[in-house]
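Trainee: I have the model open and would like to go through it with you. Where do we start?

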Amino acid sequence: MLPSQRVYFLLILAIVITPVMSMLIGVSLSLAVILLFDTVVLALMVVDGWKVKKDRVKINRELPSKLSIGRDNVVKLKVDSGEGQAIIQIRDFYPQQFPVSTTTLTATVTPNSHQELTYTVHPTERGEFTWGNIQVRQLGNWGLSWNNWQIPQNTRVKVYPDLMGLRSLSIRLTLQSSGSIRKIRQMGMGTEFAELRNYRNGDDLRFIDWKATARRSYANTGPLVRVLEPEQEQTLLILLDRGRLMTARVQGLQRFDWGLNTTLSLALAALHRGDRVGVGVFDRQLHTWIPPERGQNHLNRLIDRLTPIQPELLESDYLGAVTHVVQRQTRRALVVIITDLVDITASSELLAALSRLAPRYLPFCVTLRDPQVDNLADTFTEDVTTAYTRAVALDLLAQRQVAFAQLKQKGVLVLDAPANQISDQLVERYLQLKAKNQL
């Protein structure tokens, strides 16, 4: 039980009017009156708080079964009131390391009603976390006392990679393939037969199927052309770096978490296109290897296997990871390495490893750039200290560009994008590769 602001106001008011009463009725009598007044106020406060106990609200927390890292996850608090109106304040004991939209929820609930209050948490780490009890304050009908109690609601919830982003990507890919988003097939951009259709103005004459046309020439409907699609059931291998460079934080998340989100997004796109997907996670040795397979169940296995992995302060062995791929995968495949690149000297081993993959495989180097470095490089300033900072940022970007130029000369595909945009850009590049049949 806690006094409300109204109680403090009444007690302070009694102190303020004490001098006036002393002048009118005497000191002794005024003190007796003020003491009686305070006693009555405190007694009414106790009664007001006691009455709340009989009509407390009921609150139940509803959490998502799986939280997504780096996203605003909605937490629902369902409130059921009793026979009287309830003015409440709620403090939920969420994990302290999570930013939240609000720390205290306040509401006025009408009698015998149900109300849903929400707030959002923004996890910045993966793993299993505990939600504690719910702290509730309910104001008495007279507004004199807050009844304070806790509702036992201890529960443990796991934080996964960006599952919200995966659901959004899955819907987009489904719409594209089902025709809700118009799909244009370009003649000659694939190698796998899709269908026969009537010739249209502008079609390449090389794709006319003369045998099929001859079999139905009697109908006099014009020639038939072959429609080709990108080849299905190809192999995609993703090597995700979990070494020292991936421990740095970019926009609130570790670079490894951005890389993990990107890995799962690319895997989803490839599995949706019928390709086989394998994933390896490495530092100075290959930490995890998941052989390439197809199907939606394989994506679930990838999520379960990759979610517990955390980055380590170890130097990454790119040659070792690539050697493992070469030994395990004999057929041509698209090999994507997700990492970061500092400069030519520090990344010489990465350059050597990727060069070893070409031309037998199609190597693809994906690096996660820090948007803050871009902002520093693009911001002009006359301050000397900030000017030095900008010079360093410009030098870092210049050295990255030199390293990328060397990779491109050796036949390596390159994508360098801000960490928070890398998933969408990589999926788009992959779909372009499939459409152009570069693999």
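Mentor: With the charged pairs. This is a predicted model, and the structure holds 15 salt bridges.

Trainee: Which residues does the Arg 242 side chain meet in a salt bridge?

Mentor: The Arg 242 side chain pairs with that of Glu 312, at 4.0 Å from N to O. Arg 242 sits in the loop between strand 14 (235-241) and strand 15 (249-250), and Glu 312 in the loop between helix 6 (296-306) and helix 7 (318-328), so the pair ties together parts that are 70 residues apart in sequence.

Trainee: And is Arg 242 buried or exposed?

Mentor: Arg 242 is buried, because its relative accessible area is 9% and the cut-off for buried is under 20%. Glu 312 is at 35% relative accessibility, so it counts as partly exposed.

Trainee: What about Glu 293, what does its side chain meet?

Mentor: Arg 301, in a salt bridge of 2.7 Å, N to O. Glu 293 is partly exposed with a relative accessible area of 35%, and Arg 301 is partly exposed with 36%.

Trainee: Next, Asp 374. Which side chain does it meet in a salt bridge?

Mentor: That of Arg 369, at 2.8 Å from N to O. Both Asp 374 and Arg 369 are buried. They also belong to a network: salt bridges with shared partners join Arg 255, Asp 340, Arg 369, Asp 374, Arg 400 and Asp 416.

Trainee: Different topic. Where does Asp 275 lie?

Mentor: In the loop between helix 5 (255-272) and strand 17 (276-282). Asp 275 is buried, with a relative accessible area of 1%.

Trainee: Which side chains make polar contacts with Asp 275?

Mentor: The side chain of Tyr 430 makes one at 2.5 Å, and the side chain of Lys 434 makes one at 2.9 Å.

Trainee: On to the nonpolar parts. How many residues has the largest nonpolar core?

Mentor: The largest nonpolar core has 74 residues. Those with the most contacts inside this core are Ile 59, Ile 90, Trp 131, Val 277, Leu 306 and Phe 364. Helix 5 gives the largest share of this core, 10 residues. Another core, of 25 residues, lies apart from it, and includes Tyr 318, Val 326, Leu 351 and Cys 365.

Trainee: Take Ile 59, then. What is Ile 59 in contact with, leaving aside neighbours within four places in sequence?

Mentor: On that basis, Ile 59 is in contact with Leu 77, Lys 78, Val 79, Ile 90, Ile 134, Val 136, Ile 151 and Gln 153.

Trainee: Back to helix 5 for a moment. Is Leu 268 buried or exposed?

Mentor: Leu 268, which is found in helix 5, is buried, with a relative accessible area of 4%.

Trainee: And what does Leu 268 touch, again skipping neighbours within four places in sequence?

Mentor: Leu 268 is in contact with Leu 166, Leu 169, Ser 170, Leu 173 and Leu 299. Take Leu 173 from that list: Leu 268 and Leu 173 are 95 residues apart in sequence, and their C-alpha atoms are 9.2 Å apart in space.

Trainee: Now the outside. Which residues form a nonpolar patch on the surface?

Mentor: Tyr 8, Phe 9, Ile 12, Leu 13, Val 16 and Ile 17 form one, and together they have about 590 Å² of accessible area. Leu 13 is placed in helix 1 (residues 5-25). Leu 13 is partly exposed, with a relative accessible area of 36%.

Trainee: Last topic, the backbone. Which peptide bond is cis?

Mentor: The bond from Ala 358 to Pro 359 is cis, with omega near 0°. Pro 359 lies in the loop between helix 8 (348-357) and strand 20 (362-369).

Trainee: What is the phi of Asn 112?

Mentor: Positive, about 50°, although Asn 112 is not a glycine. Asn 112 is in the loop between strand 6 (105-109) and strand 7 (114-121), and is exposed, with a relative accessible area of 60%.

Trainee: And Gln 251, what phi does that have?

Mentor: Gln 251 has a positive phi of about 50° and is not a glycine either. Gln 251 is found in the loop between strand 15 and strand 16 (253-254). With a relative accessible area of 48%, Gln 251 is partly exposed.

How values were computed. Residues numbered from 1 in each chain as written. Predicted model: local features only at pLDDT ≥ 70, side-chain atom pairs only at ≥ 80, totals over all residues. Heavy atoms only, no water. Helix = DSSP H or I, 4+ residues; strand = E, 2+ residues; numbered from the N terminus. Buried < 20%, exposed > 50% of the residue type's maximum accessible area, 1.4 Å probe, protein only. Polar contact = N/O pair within 3.5 Å; in protein donor to acceptor, adjacent residues only side chain to side chain. Core = buried A, V, L, I, M, F, W, Y, C linked by side-chain atoms within 4.5 Å. Contact = heavy atoms within 4.5 Å. Patch = residues over 30% accessible without salt bridge, like charges linked within 9 Å, V, L, I, M, F, W, Y side chains within 5 Å. Areas by Shrake-Rupley, 256 points an atom, 1.4 Å probe, with all protein chains shown as cover.
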